[in-house]
Amino acid sequence: MDLGLKGRRALVCAASKGLGRACATALAREGVAVTITARTAATLEETAAAIRAETGAEVTVVAGDITTEAGRAAALAACPEPDILVNNAGGPPPGDFREWDREAWIRAVDANMITPILLAKAVIDPMIARRFGRIVNITSASVKSPIPTLGLSNGARAGLTGFMGGLARQAARHNVTINNLLPGPFRTDRLRTTMAAAAQAAGRTIEEEIAERSKTSVAGRVGEPDEFGRACAFLCAASSGFIVGQNLLLDGGAFNSTMG
Ligand code: NAP
């Protein structure tokens, strides 16, 4: 299936590993020139080389923290007028809400709400002028089904979702779409980190812990990043202009409801 994206440019944030990398790779396979960011330059270069080798696409790297003003400025300087923006950053730490002071909340809101909003603000008017734009925000299944220990994520990402829902309705008539992808458990470093403590407590390796938990899940497994990347590319397709303001849950059926 040709997604009609050849020659487009994408800025994919936090994309040296995991879900961001998978999105960048899936877009590059469609002939999109991708600019990828992450804080660690070495991993970013390795990932860029791997994407170039697999897809032949143009890949530009920008090392920096996307949650800072300087990091965003550097990313936008390298890719000032993307046709596609994939918003992503590391998730906030787990914990007990009694331990989170104002600073902890500001960090979470900065990373998982304000950063994607400011990036969307920076790129959306040129998208509107060109009458093509796709903004995909990587959020979390926790927006729909809160995870008590991830309160910082539940809160900050729900705020982002509310704002983006309104912006999506302002942009749609210009063929600029905004949608959110809500990952459940995907096999990435983030998942391995969040499983580490439970694995250690149970005397299991992290892979054993993932396998153990998968037994009781609806799909019987965790998601693979490539599945996530392909869903992102689909939302960015030229023919996806009528998919507006959606929250697409990719959780293998974990959220139990009759619909939506
Ligand atoms: P991951 O495998 O740990 O990868 C995170 C990527 O983001 C890395 O490339 C990392 O590189 C980069 N990054 C992190 N913080 C950054 C920052 N401040 N500025 C620029 N780049 C940054 O994580 P993931 O599993 O792909 O998760 C992506 C997002 O989805 C996170 O927000 C996570 O909370 C959310 N999520 C994931 C899952 C899951 O099961 N995987 C489930 C629900 C939600 P550097 O460290 O070098 O910067």
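Reader: What makes S4 and S5 a pair of strands, and in which sense do they run?

Author: The model is a predicted one. Two strands pair if at least two bridges are found between them. Strand S4 (residues 84–87) and S5 are joined by 4 bridges, so they meet that definition; the two strands run parallel. Within this pairing, asparagine 137 in S5 is the bridge partner of asparagine 87.

Reader: How do you know that S5 also pairs with strand S6 (residues 176–183)?

Author: The criterion is again at least two bridges. S5 and S6 share 6 bridges and therefore qualify as paired, in the parallel sense. Valine 176 in S6 stands opposite glycine 133.

Reader: Which helices form right-handed β-α-β units with these strands?

Author: Helix H4 (residues 102–130) makes a right-handed β-α-β unit with S4 and S5. Helix H5 (residues 151–171) makes a right-handed unit of this kind with S5 and S6.

Reader: Why are these units called right-handed?

Author: The term applies because, with the strands pointing away from the viewer, the path from the first strand over the helix to the second runs clockwise.

Reader: Why is strand S5 (residues 133–138) described as largely enclosed by the rest of the structure?

Author: A residue is buried when its relative accessible area is under 20%. In S5, 6 of the 6 residues are buried, and the strand is therefore largely enclosed. Gly133, Ile135 and Asn137 point one way, whereas Arg134, Val136 and Ile138 point the other way, and all are buried.

Reader: What makes up the shell around the ligand, and which helix gives the most to it?

Author: The shell divides into 10 nonpolar, 12 polar and 6 charged residues. Among the 28 residues around the ligand, Ser16, Arg39, Thr40, Ala89 and Thr188 come nearest. Helix H1 (18–29) and helix H6 (189–202) each supply at least two residues, and H6 gives the most, with 3 residues.

Notes
Residues numbered from 1 in each chain as written. Predicted model: local features only at pLDDT ≥ 70, side-chain atom pairs only at ≥ 80, totals over all residues. Heavy atoms only, no water. Near = heavy atom within 4 Å. Nonpolar A, V, L, I, M, F, W, Y, C, P; charged D, E, K, R; others polar. Buried < 20%, exposed > 50% of the residue type's maximum accessible area, 1.4 Å probe, protein only.
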